[in-house]
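User: I have a model open and would like to go through a few spots in it with you. Could you take my questions as they come?

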Amino acid sequence: MASTQRKEIRSHHSIRGIAALFVLILHMKEILAWGEIEVGSKLPFIGKGYLWVDCFFILSGFVLSYAYARTLHQPNLAEFVQASVRFFRARFSRIYPLHIFALVFLLAIRGSSYLIFPQTGDFFRGDNNFYSLITNIFLIHSWELNTTNTWNTPSWSISTETFAYLLFPLLCLVQYLVKPLFYIILLLVPILFYATLLYLESGLNQTCHLALMRCTAGFLLGMVIYNVWTLVNNDFIDKLVAFQLLFVVVIFATMQFAFNDIIAVIAFFLLILTTASDKGILAKMLCHPLFVHLGMVSYSVYMMHYVVMRFAFQYKWFLFDYWVMNGVDKQLLSITIFSVIILVVFGVSEITYRYVEVPARNRLQKRKLIRVDY
């Protein structure tokens, strides 16, 4: 596959890792809330952390175009189908093993809690029922099939990404056969989808209803970036590189001061475009091995952090309530638990990356992956 032959974009790995970190912090607000510590009022950009998922979607559209689009431009139907099958196998091996691993762990946590606290009666009750489990297994749970997030909450975005993966080869076929139609789709659909989301919901924080629209808009925008990056004069993009830090400032200002979400989307667009060649002051900073490694384990961080948090929620009485009843300061305790969970999440993520993600991909693709790890 082309994904093993193209140069790794290190700064994009890092952006993905930083995005996962902010999503983690967004969800971890609930732990601080145990001690009545409300960070959202003082640091609104943390509460707006859901926008980093839109960064994921945009980045995904770019990197998949970068890694696979050329391979999917095939001269006849049979070769296109073969290339599409290889693409689907690559994406399946990338996302599915860890998704199932996390789901099994959540079942174990929920089951053990039910055995200890049978009076709660919450095993396979409410939103986390057998129906939602089946939709989660098939990664279709955010295809307007559930009214709320279920089981591993962050996996809603993986579900919508699966839809984008199914769409991607067809878009590549359209590009190969009817380029004008392809460019019309790339130009009009994201604008239409974002406008609809902002009109109907006044924001992009949609994880069940309209989630497919949100993901598709971002994914197609990422494909736009790739086509701009390959077609536009490099001198023009190199001039924009000087504004990388400004784009970051705009992103955080949008989140901190509650500007319209679309401003952050535009800033993400420009940030991903100007870092695609690993040039510029910010890109050089992002190429630091620490940030790159964070990007490498980001999928594990993203998928496993809620599993660790779910354990804390299910056993809150032992971890928090009991100690508060015995005189421990609840704010100090919630900060301590917050810090410990952060460390546990990164420890677990290192383990799952090394012993679940990579081995599963190598086995399912029947070869070792080379450098580019999308």
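This is a predicted model: local features need pLDDT of at least 70, side-chain atom pairs count only at pLDDT 80 or more; totals for chains, interfaces and linings use all residues.

User: Let's start inside: how many cavities of 30 Å³ or more does a search of the whole structure find?

Analyst: The search of the whole structure finds 3 cavities of 30 Å³ or more, and the largest cavity holds about 360 Å³ of space.

User: Which residues lie nearest the centre of the largest cavity?

Analyst: Those nearest the centre are Arg-16, Phe-56, Glu-161, Tyr-165 and Tyr-299, out of 21 residues that line the largest cavity.

User: And which helices supply at least two residues of that lining?

Analyst: Helices α1 (10-34), α3 (51-72), α4, α6 and α14 each supply at least two residues of the lining of the largest cavity, and the largest share, 6 residues, comes from α3.

User: How does the lining of the largest cavity divide into nonpolar, polar and charged?

Analyst: The lining of the largest cavity divides into 12 nonpolar, 5 polar and 4 charged residues.

User: Switching to pockets, how much space lies in the largest pocket, and what is closest to its centre?

Analyst: The largest pocket has about 290 Å³ of space, and of the 15 residues that line it, Val-308, Phe-311, Ala-312, Ile-341 and Val-344 are the closest to its centre. By class, the lining of this pocket has 14 nonpolar residues, 1 polar residue and no charged ones.

User: Where does the pocket lining come from?

Analyst: Helices α4 (77-116), α14 (298-314) and α16 (330-365) each supply at least two residues of the lining of the largest pocket, with α16 giving the largest share, 6 residues.

User: Back to α6, then: where does its kink lie?

Analyst: The kink in α6, about 30 degrees, lies at Leu-167, shortly before the proline Pro-169. Helix α6 covers residues 155-177, and from its first C-alpha to its last the 23 residues reach 34 Å, close to the 33 Å expected at 1.5 Å a residue.

User: Last one, Tyr-183: which helix is it in, and what does it touch?

Analyst: Tyr-183 lies in helix α7, residues 179-201, and, not counting residues up to four places away in sequence, Tyr-183 touches Gln-175, Asn-227 and Leu-231.

User: Why is Tyr-183 called partly exposed?

Analyst: Tyr-183 is called partly exposed because its relative accessible area is 26%, which falls between the cut-offs of under 20% for buried and over 50% for exposed. As for distance, the C-alpha atoms of Tyr-183 and Lys-316 are separated by 52 Å, the two residues being 133 residues apart along the chain.

Conventions: Residues are numbered from 1 along each chain as its sequence is written. Side-chain values use heavy atoms; hydrogens and water are left out. Helices (H or I, at least four residues) and strands (E, at least two) are DSSP runs, numbered from the N terminus. Buried means under 20% relative accessible area, exposed over 50%, partly exposed in between (1.4 Å probe, protein chains only). Contact means heavy atoms within 4.5 Å. On a 1 Å grid over the protein atoms alone, a cavity is a set of points where a 1.4 Å probe fits but cannot get out, and a pocket is an open set with protein on both sides within 12 Å along at least five of seven lines; lining residues have an atom within 4 Å of a point. Grid points are joined across faces, edges and corners, and a volume is the space filled by probe spheres set on the points. Ala, Val, Leu, Ile, Met, Phe, Trp, Tyr, Cys and Pro count as nonpolar, Asp, Glu, Lys and Arg as charged, and the others, Gly among them, as polar. The expected span of a helix is 1.5 Å times one less than its number of residues. The bend at a residue is the angle between axes fitted to the seven residues ending there and the seven starting there.
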